[in-house]
Amino acid sequence: MKNIMNYTIVVLLFGIVGCAKTPVTVDSDKTMTEVQNAIGKVYEIWETKDINSVKEIYAENVVGFGTDESEYWKGIDEFEPSIKTQMTAINNLDFDFKNETIHISPSGDMASYSHKVDITFTSQGEPGKLNDVRISGVLVKKGSSWKHVQTHWSIGVKGQVIEY
């Protein structure tokens, strides 16, 4: 009886160890480069006005917040028309990045980022500049490519909205 009990315990232990999830090994340098390239692609399509690449970099279920009060989009079908309209109206974009932070999940299939950007542009024939535009986003790796599932652009107000 004692041998059967010992044998059962050993079999159960091997079964538990065998079913334990194998840790995922992530090449962090390669993953970081992929994420940086995916983030950079967003700005590249704005500079080149490559509207055909929007669906390549944004997921079908993307959620986006823009700088205007009404700019909240759920899904690529809501998001893409706004991008097309903005690309028509805004020209000569130049982005100057600062304060970038990127976090990659331990499994290497999700990343978040934030940075500030100074943007110079032309709109309606007039030059413009926005300083300290705050941008954040979340990307998910789908197959071999990274897709933006969330993006948020905001411009801070002067002073405090609520005193504390």
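This is a tutorial dialogue about reading features of a predicted model.

Trainee: What share of the residues is buried?

Mentor: Of the 164 residues in the chain, 32% are buried. There is also a figure for how the chain folds back on itself: among contacts with a separation of 6 or more, 52% are between residues 24 or more positions apart.

Trainee: Now the aromatic rings. What describes a pair of them?

Mentor: Two values describe a pair of aromatic rings: the distance of the centres and the angle of the planes. In this structure, the count comes to seven aromatic pairs. One of them joins Tyr-43 and Phe-97, with 4.8 Å from centre to centre and 80° between the planes, an edge-to-face arrangement. Tyr-43 belongs to helix 2 (residues 28-48) and Phe-97 to strand 3 (residues 90-104), so this pair ties together parts that are 54 residues apart in sequence.

Trainee: Are those two residues buried or exposed?

Mentor: Tyr-43 is buried, at a relative accessible area of 3%. Phe-97 is partly exposed, at 39%. Tyr-43 has another ring partner, Trp-153: their centres are 6.0 Å apart and their planes meet at 40°, so that pair is tilted. Trp-153 is buried, as is Tyr-43.

Trainee: Which residues do the ring pairs link into a cluster?

Mentor: The cluster consists of Tyr-43, Phe-95, Phe-97 and Trp-153.

Trainee: What volume does the second largest pocket have?

Mentor: Its volume is about 170 Å³. The residues lining the second largest pocket are Lys-116, Asn-131, Asp-132, Arg-134, Ile-155, Gly-156, Val-157 and Lys-158. Strand 5 gives the largest share, three residues. The classes here are two nonpolar, two polar and four charged.

Trainee: Arg-134 is in that list. Which residues does Arg-134 touch?

Mentor: Leaving aside residues up to four places away in sequence, Arg-134 touches His-115, Lys-116, His-152, Trp-153, Ser-154, Ile-155 and Gly-156. Arg-134 is found in strand 5 and is partly exposed, with a relative accessible area of 38%. Asp-118 is 16 residues from Arg-134 in sequence, and their C-alpha atoms are 9.2 Å apart.

Trainee: And the strands themselves: what should I look for?

Mentor: One general point is that in a regular strand the side chains alternate between the two faces of the sheet. For pairing, look at strand 3 and strand 4: they run antiparallel and are joined by eleven bridges. Ile-102, for example, has Tyr-113 in strand 4 as its bridge partner. The two strands form a hairpin with five residues between them, and Gly-108 in the turn has a positive phi of about 75°.

Trainee: Which residues other than glycine have a positive phi?

Mentor: Among them are Lys-49, with phi near 60°, and Asn-99, with phi of about 55°. Lys-49 is placed in the loop between helix 2 and helix 3 (54-57) and is partly exposed, at a relative accessible area of 31%. Asn-99 lies within strand 3 and counts as exposed, at 57% relative accessibility.

Technical notes. Residues numbered from 1 in each chain as written. Predicted model: local features only at pLDDT ≥ 70, side-chain atom pairs only at ≥ 80, totals over all residues. Heavy atoms only, no water. Phe/Tyr/Trp six-rings, centres within 6.5 Å; stacked < 30°, edge-to-face > 60°. Helix = DSSP H or I, 4+ residues; strand = E, 2+ residues; numbered from the N terminus. Buried < 20%, exposed > 50% of the residue type's maximum accessible area, 1.4 Å probe, protein only. 1 Å grid on protein atoms, 1.4 Å probe; cavity = no way out; pocket = protein on both sides within 12 Å on 5 of 7 lines; lining within 4 Å. Points joined across faces, edges and corners; volume = space filled by probe spheres on them. Nonpolar A, V, L, I, M, F, W, Y, C, P; charged D, E, K, R; others polar. Pairing = 2+ DSSP bridges. Contact = heavy atoms within 4.5 Å.
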